[in-house]
There are 4 protein chains.
Amino acid sequence: MERTGVWLVGAYGNVATTAIVGARAIAHDVANTTGMVTARPPCTRLDLPDLRDMVFGGHDVRDTSLLETARRLSAGGVPTADVVETVADDLAEIDENVRVGTAVNCGRAVTDLADETLDAPDVGDVVGQIRDDYRSFADEHDLDRVVVVNVASTEPGVADPDRYDTLDAFERAVEANDRDLPASSLYAYAALVEGHPYVNFTPSTGAALGGLRELAERENLPNVGRDAKTGETLLKSTLAPMFAARNLRVRSWEGHNILGNDDGLVLENDANKAGKLASKGDVLEGILPDIEHNRVRIDYAPPLGDWKTAWDDIRFDGFLDTRMKLQFTWEGSDSALAAPLVLDLVRLVAHADEYDEGGLQPQLASFFKAPLGVDDHDFAHQFDLLERYVDRHAGEGDDGRVRR
Amino acid sequence: MERTGVWLVGAYGNVATTAIVGARAIAHDVANTTGMVTARPPCTRLDLPDLRDMVFGGHDVRDTSLLETARRLSAGGVPTADVVETVADDLAEIDENVRVGTAVNCGRAVTDLADETLDAPDVGDVVGQIRDDYRSFADEHDLDRVVVVNVASTEPGVADPDRYDTLDAFERAVEANDRDLPASSLYAYAALVEGHPYVNFTPSTGAALGGLRELAERENLPNVGRDAKTGETLLKSTLAPMFAARNLRVRSWEGHNILGNDDGLVLENDANKAGKLASKGDVLEGILPDIEHNRVRIDYAPPLGDWKTAWDDIRFDGFLDTRMKLQFTWEGSDSALAAPLVLDLVRLVAHADEYDEGGLQPQLASFFKAPLGVDDHDFAHQFDLLERYVDRHAGEGDDGRVRR
Amino acid sequence: MERTGVWLVGAYGNVATTAIVGARAIAHDVANTTGMVTARPPCTRLDLPDLRDMVFGGHDVRDTSLLETARRLSAGGVPTADVVETVADDLAEIDENVRVGTAVNCGRAVTDLADETLDAPDVGDVVGQIRDDYRSFADEHDLDRVVVVNVASTEPGVADPDRYDTLDAFERAVEANDRDLPASSLYAYAALVEGHPYVNFTPSTGAALGGLRELAERENLPNVGRDAKTGETLLKSTLAPMFAARNLRVRSWEGHNILGNDDGLVLENDANKAGKLASKGDVLEGILPDIEHNRVRIDYAPPLGDWKTAWDDIRFDGFLDTRMKLQFTWEGSDSALAAPLVLDLVRLVAHADEYDEGGLQPQLASFFKAPLGVDDHDFAHQFDLLERYVDRHAGEGDDGRVRR
Amino acid sequence: MERTGVWLVGAYGNVATTAIVGARAIAHDVANTTGMVTARPPCTRLDLPDLRDMVFGGHDVRDTSLLETARRLSAGGVPTADVVETVADDLAEIDENVRVGTAVNCGRAVTDLADETLDAPDVGDVVGQIRDDYRSFADEHDLDRVVVVNVASTEPGVADPDRYDTLDAFERAVEANDRDLPASSLYAYAALVEGHPYVNFTPSTGAALGGLRELAERENLPNVGRDAKTGETLLKSTLAPMFAARNLRVRSWEGHNILGNDDGLVLENDANKAGKLASKGDVLEGILPDIEHNRVRIDYAPPLGDWKTAWDDIRFDGFLDTRMKLQFTWEGSDSALAAPLVLDLVRLVAHADEYDEGGLQPQLASFFKAPLGVDDHDFAHQFDLLERYVDRHAGEGDDGRVRR
């Protein structure tokens, strides 16, 4: 497949940095592909872009470098110092592709982290600058395709999102300099009008607005999101169907998360946290409609650094009203869980784009807490969608079949 | 559907008693069907025998009564005293259908619990008596069908089971008074020659021997087992596929179970425990072939009574060799988890028998740790088999379609 | 010792009801004294009032009965239905001693639970009515001593409590009809002026105000509190000293509590929760001065009923900066943990009062999250204070020594 | 204080290596003293030997080096590669002081790990060689004092230890070439006859035999042990007294430990495991005499490396027979927990020896699972013994007081 560009909004964040470090470490043969869904069956049957050929760039509001983020992460153990040093030159080169991002409507919590931001009196000009940034990146690196991925800190939600329900309404809002439009949607809009697929890895609004869905459909561009399912919610979407299948009545599911990275810091802010909690919580309601108590907490605990622990307490009734319970503790590196999925999504979205599968991508539902276009939160069912997609496309690419 | 008899080998045990109490409590409208798979979709689309019409009987080696077991259980909270008293008369009536069982080759741990046992110089005579017991039960209650279910304590495994690989070999062993044949297989043989479907709810050998499989095939009788998946292993078969799907490399899975009932006591004996541990452990190997450490412990802790706690510690590597972990604690009433599945299996096996689906029953794989005839331990995949079975049979029964 | 009256502010709450049910169940020989500190050494060496002779009364703002509360609790398993029925007549008799309480400044969360409340245009009249209630109780039952115990729901804290730092200032505030005075302090004031010892089992203000401490000192009356240490905090005050002794550097201690009773409901309100969180959190700061992150959450999860689960996650550094952790889950019945301590405190406070030990009671520090007059939160050290008190008083009472 | 030699039996093991690396890292100012009891009050009031001045040597049966062990450990994260490289030269120098050890009666599990062992036809010659090794070390480094510490893998227990109950009996056994004498006791005997204090950090027999206690008393040499309390048992001895103080009746305490280092491997062997389980289990019986079920499991899980996880499940009854529970998970680096205590014990034993406190050392009870001479397993009480010792000796050393 052709040369793929990866544009990461939030390029200096932990997830983006870990994804880039990982891709380059694999290219240098100092890391393996554990954790990447596309590195094992069924996806290995697809004609996917090679990790080694990916070109990275992105936006950020912090004045730092990939190497600096990587070294800070390395103090917490992931990636190791050896790996970071092996890819240090690559990181410095990629820094050249990072542009100043916008923080419009990202909330105080994000603005506090920002060193410099892209802004302009007119929202339209912000969009224009973002489009310029995408275009320069594609031109400079002679890219056939750029996948734009939002991995920036979670924004507060948009009030009354229905007002942007059509492309026309969205574009009129841009023209009218509507300052309620969040940064994530500006990035998404700029991507789609430039002809790039868009992936929203976060709970932010991004391309979930009706107007942007319309645009993606019209342009036949993959529009994927939102909020990657990396840990606690992955477990929820795996375990809840088990209770349902066995007719065990879950009465209470309380989840408590602690983490110590910037994501945790931003989520200390209630406005930013709201969107995250919504997508984490909704997963259960669909699978367990009779649940009585369903709450998720996220607490910022700085000494944990990039490590995240989720504790879930699940109370269910069984036969003869017997009260039983399941409790679990999940502990992982937030970035090490997320980063391989970023690379997976880039590969699979590039594939969809290559094989003319535009619009929403139900086959990618298993990657998300709130998958656009798929209501079923059952992880096994969602993974079946991916298996069927692979069945449909397996063998393409090597056998001379015509692509887009 | 016709009147269904349920013959429980181990009738005075916790699981059998809880199943009977539950069925009668539901019949008296003092309990609901929570925990029964057949009480919710997809199985509600099937023509299943009514719980209220089931007639119970069984074998046991203890000189006690259902009411006595029920009251002992009730001290631990399940079932409640109210429920027990409501069904007390029913239990007394069912006691009339309980016959003295055999403990041939059940091991010292089981013999120690026995008050009286069925034995004879010739194994063939033991089989003969069991057949008589089945026949009297069916005759006396005018039953169209009897489902024989083994819920007795776990036996030690059979050494070199291949010697019973054909029906001919098995029957010659009976004739030759081969004292290595375990009780569970004698019960199973007697059931099949009498034309009754057989369900092995335990890790004991039962009808898993080649000779008995052959018999069930020949007679077109459902032959189902083994070792019901009620708790820790259910979780394993649900969670392990998630790790596989996400390409997370599970390195160590250590499970530790504590329970305080007679099952726990019998499992203190290493010979009896071996079979249980094997079926609990095997589940992971299939789904996670690269696992390095996979161990299950079961400890008898009397103060827990019928309650069982499993603690599992799972270590996995993610992206960039990051070491992460999941730990869970599952706590339930052993009997309350198992009993509804006994009733489900009776209903579903009666259905298969009614609709001429003899032999192994792959659609019931999700109920077992070591499902006969199905190698895939992925719970979601196994449940799919049930859904497809239901799709195939839905609508039958009410619409005049011809049955067996 | 003489006949002891126990006046419970919040008489119809879970803790008060369980304490009363327990005391009466022990009197009827249908329960034992497990959970009571005074029922085992060292306290068995003291001349303590007999549980069987205690006379109960109290205030409440709910229009219910002890039997109703007891039956509601019984649905959750504690106390059992048998025990409740055994003491039902006693409860009905005690209901005669329950008066309408005040909810002045208890916050909206408490007012919402109230059916009727004692109020008056003048705070002084509220105090007058409370004093009348105490006096009638003592007179009617011919009591030598009444111990007033606050077990009502947690109030919001008092802003600027220093303004009540002297008895004179407090009494002027009552006269001036200062509506900032919280109910708990009015009850406490009324107790002390009537010559009764006061125990604050809750985080509410009670007699912690300087003015009321002065009054208790002057009258040589035991003044004890506050916030009984029943579960998570008991563990904190036990475990934290271990880390300190071993020079293990605790960096993060995150506690998450879920409970489903009215206490949980009241604590949903941020104002009411604040006081509780403060006393729960402070325990660690004293023992582990270098702790970086120390947070406690309390969530209301109705399906848990009176059961409470605490999950604590403790991260500490060991030798060579090794990051280690301890996580625990504590699960108990909130009321069954608290109730025996109410009875213990009544007995020990009656003892102190009998033997002329007025004012603050350092020997009771181990019972409280925020013990008045003791800064050391180390549970073992606090328990030493009790042992020394017992050493000092052991043998009194039986040997003819003169008492007050 | 004078120059102190530290002789580690099991010098190439994880604990010894980590202790040496740590001491040298502190000397080079690349590590701090977190985890060392003697680095904080009360012990900072004592005149203790400086870590920087300690001279290390020891015995081992493996043909490896400190650096090799350190690097292997470093792969698991502790110590870091940086620290190891900083002290690499020191380690190489200390290797010069390591002699071939004996594995007499250490069991097959240990012999399997051995590359070369010290043996001789006569046990007396083995002792002679050990004494020579101690003597050369002291001479060569001009040491005022050598503290011998056993940190070797756990041996199987000695059958009928009473036969060695007097020094005379012990010495006759050596002369008679009694091959039942375990290595640990030979090392201990050699130490004491050479005039060196002895510390048994492990559950092996060491100087716990009556004959060796007699010898230590006679020579007024500190004789300390056994089985350092580093993790799960430390928690037991901290938590059990809390249950006792609150009169909560612990019915079941099940502990399950998993670890992946050589200690775990050796403990796979039932004979070697027996001693360990005994000292781990006994702690509870003393504090909670009514406990019904008390079991400890240790499982070897290689992927965990030097990390150890303990899961404890504690069931207790509270007021009104309420069943409650505490469960904890403790996770630490086995060596990082143990190593600082080795250094603490060396310092405190050197102090005792300096200030003429020979024989058993009750003030060190808090360091051990089975403290010689102290029956009370309550950690807080044991720590009080240390505080009182410090009170007795504080101020000595700087003020010209005469020492031994």
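These questions and answers concern a predicted model, in which local features need pLDDT of at least 70, side-chain atom pairs count only at pLDDT 80 or more, and totals for chains, interfaces and linings use all residues. Residues are numbered from 1 along each chain as its sequence is written, and side-chain values use heavy atoms, with hydrogens and water left out.

Me: Why are B:Lys325 and A:Glu331 said to meet in a salt bridge?
Reply: The term requires a side-chain nitrogen of Lys or Arg within 4 Å of a carboxyl oxygen of Asp or Glu, and the N to O distance for B:Lys325 and A:Glu331 is 3.9 Å, so the pair qualifies. Across the interface of chain B and chain A, the rule finds two salt bridges.

Me: What makes up the area buried between chain B and chain A?
Reply: Buried area is the accessible area (1.4 Å probe) that two parts lose on being put together, summed over both; here the value is about 4800 Å², with 67% given by carbon and sulfur atoms. B:Arg246, B:Phe319 and B:Leu320 supply 20% of the area that chain B buries against chain A, more than any other three residues.

Me: Why are the buried residues of H7(D) said to line one face of the helix?
Reply: In this helix (residues 167-175; a DSSP run of H or I, at least four residues), D:Leu167, D:Ala169, D:Phe170, D:Ala173 and D:Val174 are buried, meaning under 20% relative accessible area (1.4 Å probe, protein chains only). Seen down the axis, the buried residues of H7(D) fall within an arc of 165 degrees, so they line one face, the arc being that of the directions from the helix axis to the C-beta atoms.

Me: Which helices do the buried residues of H7(D) pack against?
Reply: They pack against H6 (123-141), H8 (183-193) and H9 (210-219) of chain D, where contact means heavy atoms within 4.5 Å.

Technical notes. Chains are lettered from A and ligands numbered from 1 in the order in which they are written. Buried means under 20% relative accessible area, exposed over 50%, partly exposed in between (1.4 Å probe, protein chains only). Helices (H or I, at least four residues) and strands (E, at least two) are DSSP runs, numbered from the N terminus.
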